[in-house]
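Please read the following alongside the chain and its coordinates.

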Amino acid sequence: MKVSGKQQKIIKPIYVTMPSLAPLEEYSGLLQKVWESGILTHNGPLVQKFERELCSALKLNNIVAVTNGTIALQMAIKALRLKGEIITTPFTWIATISSIIWEGCIPVFADINPETLNIDPNKIEEKITKKTSAIIPVHVFGNPCNVPEIEEIAKQNNLKIIYDAAHAVGSNVKGKSILEFGDISATSFHATKLLNTAEGGGIVTNDVELHAKLKRIRFFGHNDNKEVIEDGFNGKMTEVHAALGLANLKYFKSVLQDRKEKYLYYRENLEKLGSYYFQKSEFGEQNYSYFPVIFEREKDLLKKETILNRKNIFPRRYFYPSVNVYRKILKPSNLPISEDISKRIMCLPLYFNLSYEEIDLIIELMK
Ligand code: T4K
């Protein structure tokens, strides 16, 4: 960069997040094995090891590692043979909805609880019709949904539940991973997630048959004899991605702890100001993967966003807009709470390499 005149101070940009990455030598050590074996994919040894180590770290019975979180959701819908309408939340990333549409189902929205930001169980029942086959709630920002109430509704109406747990690796309920709930839980290991494989996803179910089926779906529908016995596709994670997951997994506990401490530091300091609201938990412990701040008015949010941007700080408006407003792919629907919150919520930077000096600067600018 050419700087004319006086030496100009270059301030490094602060984004909403940055991937937590293990030391490069540790990753390249694992890649060395890939280079030696020449096995790059097809359920290789590192993918299997990543699955085993994830199960042990998160205390899961099983997990199927896949290409990404969107594929994980699609595979879950496919494995459960869902048809017709699926009730879900409008306060989410578009992948929750696109996976429903790609599997030939119709998303039907139930509005959110304005405090937890998760689907409101009281709003689910009124959306159930003869065509409803399932509910796909999202543990928004890793905050566990009201699982007992959702399960009761599903049981009474004979509906399946797939939790979109894209944000929720590391969220727990009484020491049990949130991924253990529902017929299936689907998560993401995208670069922006607490645990990343660059791109990647995982599917968890405690149903042994369903688990075997998901493994077949991931591999073109093949059984162990390479006969096609399932309507499958290619959802395989590669060895290169699994190696990154294995390297990063070693540091997952410290990443989780660091996130929690920074989240609580932000919260303690911003709560004092009295002008912001924060997501509430009602069930279990979240993983503090995002730091969402709810403003009183969109106008205030836009003002603060400009102030932060001027200092090279880039928070993100997750989730904006409320996905039900995407008229090119969805029929019009009215979800007043989600639409309102979406306009007034912004996630502040939160990641392992973010320093407390940087957090203090952000807090100062939020005053
Ligand atoms: N369900 C839910 C509820 C989800 O939120 C998501 C994905 C899914 C399902 C589907 O899971 P995947 O199929 O993606 O596995 C991100 C992610 O692409 C997406 O995974 C995530 N949710 C969504 C909430 O956010 P963006 O639009 O934030 O990405 P981007 O490029 O703006 O990145 C944000 C910041 O992160 C950048 O300012 C810099 C930093 N960054 C990003 C990347 C990609 C890095 O430092 N390195 C990187 O490689 O989408």
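A salt bridge is counted where a side-chain nitrogen of Lys or Arg lies within 4 Å of a carboxyl oxygen of Asp or Glu. The model is a predicted one, in which local features need pLDDT of at least 70, side-chain atom pairs count only at pLDDT 80 or more, and totals for chains, interfaces and linings use all residues. Residues are numbered from 1 along each chain as its sequence is written, and side-chain values use heavy atoms, with hydrogens and water left out.

The structure holds 16 salt bridges. One of them joins arginine 317 to glutamate 298, N to O, at 2.9 Å. Because arginine 317 sits in the loop between S13 and H11 and glutamate 298 in helix H10 (residues 298-310), this pair ties together parts 19 residues apart in sequence. Helices (H or I, at least four residues) and strands (E, at least two) are DSSP runs, numbered from the N terminus. Arginine 317 is buried at 15% relative accessible area, while glutamate 298, at 25%, is partly exposed. Buried means under 20% relative accessible area, exposed over 50%, and partly exposed in between (1.4 Å probe, protein chains only).

Lysine 12 and glutamate 358 form another salt bridge, with N to O at 3.1 Å. This pair links distant parts of the chain, 346 residues apart: lysine 12 is in the segment before strand S1 (14-15), and glutamate 358 is in helix H12 (residues 356-366). Glutamate 358 is buried, with 15% relative accessibility.

Aspartate 258 and lysine 262 also meet in a salt bridge, at 3.0 Å from N to O. They are 4 residues apart in helix H9 (residues 252-271), which means that about one helical turn separates them. Both aspartate 258 and lysine 262 are buried.

Around the ligand are 24 residues, of which Thr70, Asp164, His167, Arg316 and Tyr318 come nearest; a residue counts as near if one of its heavy atoms lies within 4 Å. The side chain of threonine 70 places an N or O atom 2.6 Å from a ligand oxygen. For aspartate 164, a side-chain N or O atom is 2.7 Å from a ligand nitrogen. Taken alone the ligand exposes 920 Å², and the protein buries 75% of that. These areas come from the Shrake-Rupley method with a 1.4 Å probe; for residues, only the protein chains shown count as cover.

Tyrosine 326 lies in the loop between strand S13 (313-314) and helix H11 (336-344). With a relative accessible area of 35%, tyrosine 326 is partly exposed.

Note on methods. A polar contact is a pair of N or O atoms within 3.5 Å; within protein, one must be able to donate a hydrogen and the other to accept it, and residues adjacent in sequence count only if both atoms are side-chain atoms.
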